[in-house]
Each structure stands twice: as structure tokens, then as C-alpha cells.
Amino acid sequence: MSVVPAELRVPAYRAHVHYPVNDPFDQGVVEVSGGHQVYWERVGNPSGKPAVVLHGGPGSGAQPWWRTYFDPARYCVTLFDQRGCGRSRPLASDPGIDLCTITTQHLIDDIETLRQLHGVERWLVFGGSWGSTLALAYAIEHPARVSELV
């Protein structure tokens, strides 16, 4: 009997998802405004249809189960931990952090930074919970960069 690590388990309410949790083919940290470093990772097919995942909040981060929504043979998915949470630094909970550097506009700008970093012209924007609100805000500001909104 194998034990699946907790961070790779798909929550029961997401058990209908059919794709495996795949390891990133690329990952890193990008410097953004306000002294923040945003963690990102890419999974799936490097030549696949571009997509970006916007996680919920507050502070949840891009957990591995988010990867299971996309066919890894067809999509090139960028996931990232929004500024202030997860593997991005500094954390919103750090003493002395200036919360004025963690706004919706900053997050929209971070999405654009990632799009440009990876040379993506247009991508599917996928959001859950708070991420759905962020996806709408991004699409309103950058409609030419959004191929689909989920």
C-alpha cells in the first residue's frame, strides 16, 4: 500500500478530476515591485496551449492539485503563489510587511510579468474562489491577453 503525501492528495470534492499531478518542468522566482519575489512553476507540455492558474486565498498558494484540471499533453500551465503567500516572499504575515504592496493591481501586474517572462501572447485564465475575482480583474485590464476565462 503506497501513501500519497498530503500535498499531492486531491481533496474529495475535486475527485472528479481525471489528470495526474505532474511535476513542474520549470520553476523559479521572479522579482516584482515592492520588494516581492513571486514563486512560479510550469507544468504540462511546454509546447501546449498556454494557461495560468489563479488560486484562492487568503494565502493558500498554488497547491499541486490545481495541476489536475489540465490535460498535461495539451496544456502548458503556469501556476504561481500570489505575492504574500505560499512560497513567494515576503509573506503577508511577516512582521513589518507593508500590506499596501499587496493589492489587486499588484497581482494583476504580477500576472503580466509572468506572461511576459514566459513569452505568452494570450492564455487561458483559470481562477478559483478569490482567483476567479482576480481572473475577472485581469481580463478587464488585459482583454487582448485572455483567450478564455474559466
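Why is strand 2 (residues 37-44) largely enclosed by the rest of the structure? Six of its eight residues are buried, so the remainder of the structure largely encloses this strand. Buried means under 20% relative accessible area, exposed over 50% and partly exposed in between, with a 1.4 Å probe and protein chains only. Strands are DSSP runs (E, at least two residues) numbered from the N terminus.

The model is predicted: local features need pLDDT of at least 70 and side-chain atom pairs count only at pLDDT 80 or more, while totals for chains, interfaces and linings use all residues. Residues are numbered from 1 along each chain as its sequence is written, and side-chain values use heavy atoms, with hydrogens and water left out.

**Strand pairing**

Two strands pair if DSSP finds at least two bridges between them. Strand 2 pairs with strand 1 (residues 26-31) in the antiparallel sense, over six bridges. Within this pairing, V29 has Y39 of strand 2 as its bridge partner. The two strands form a hairpin with five residues between them, and G34 in the turn has a positive phi of about 70°. Strand 2 is also joined to strand 4 (residues 75-80) by five bridges, again antiparallel. There, G44 stands opposite C76 in strand 4.

**Aromatic pairs**

The structure holds six aromatic pairs. Rings of Phe, Tyr and Trp (its six-membered ring) pair if their centres lie within 6.5 Å; planes under 30 degrees apart count as stacked, over 60 as edge-to-face and the rest as tilted. Two of the pairs are tabulated.

| Pair | Centre distance | Plane angle | Class |
|---|---|---|---|
| W66 and F126 | 6.1 Å | 85° | edge-to-face |
| F70 and Y75 | 5.3 Å | 65° | edge-to-face |

W66 lies in the loop between strand 3 (49-54) and strand 4, and F126 in strand 5 (residues 123-127), so their pair ties together parts that are 60 residues apart in sequence. Both W66 and F126 are buried. F70 counts as buried at 6% relative accessibility, and Y75 is buried with a relative accessible area of 16%. Ring pairs link W65, W66, Y69, F70, Y75 and F126 into a cluster.

**Cavity**

A cavity is a set of points on a 1 Å grid over the protein atoms alone where a 1.4 Å probe fits but cannot get out; lining residues have an atom within 4 Å of a point. A search of the whole structure finds one cavity of 30 Å³ or more. The largest cavity holds about 40 Å³ of space, its volume being the space filled by probe spheres set on the points. Its lining includes G44 and F70.

Conventions: On a 1 Å grid over the protein atoms alone, a cavity is a set of points where a 1.4 Å probe fits but cannot get out, and a pocket is an open set with protein on both sides within 12 Å along at least five of seven lines; lining residues have an atom within 4 Å of a point. Helices (H or I, at least four residues) and strands (E, at least two) are DSSP runs, numbered from the N terminus.
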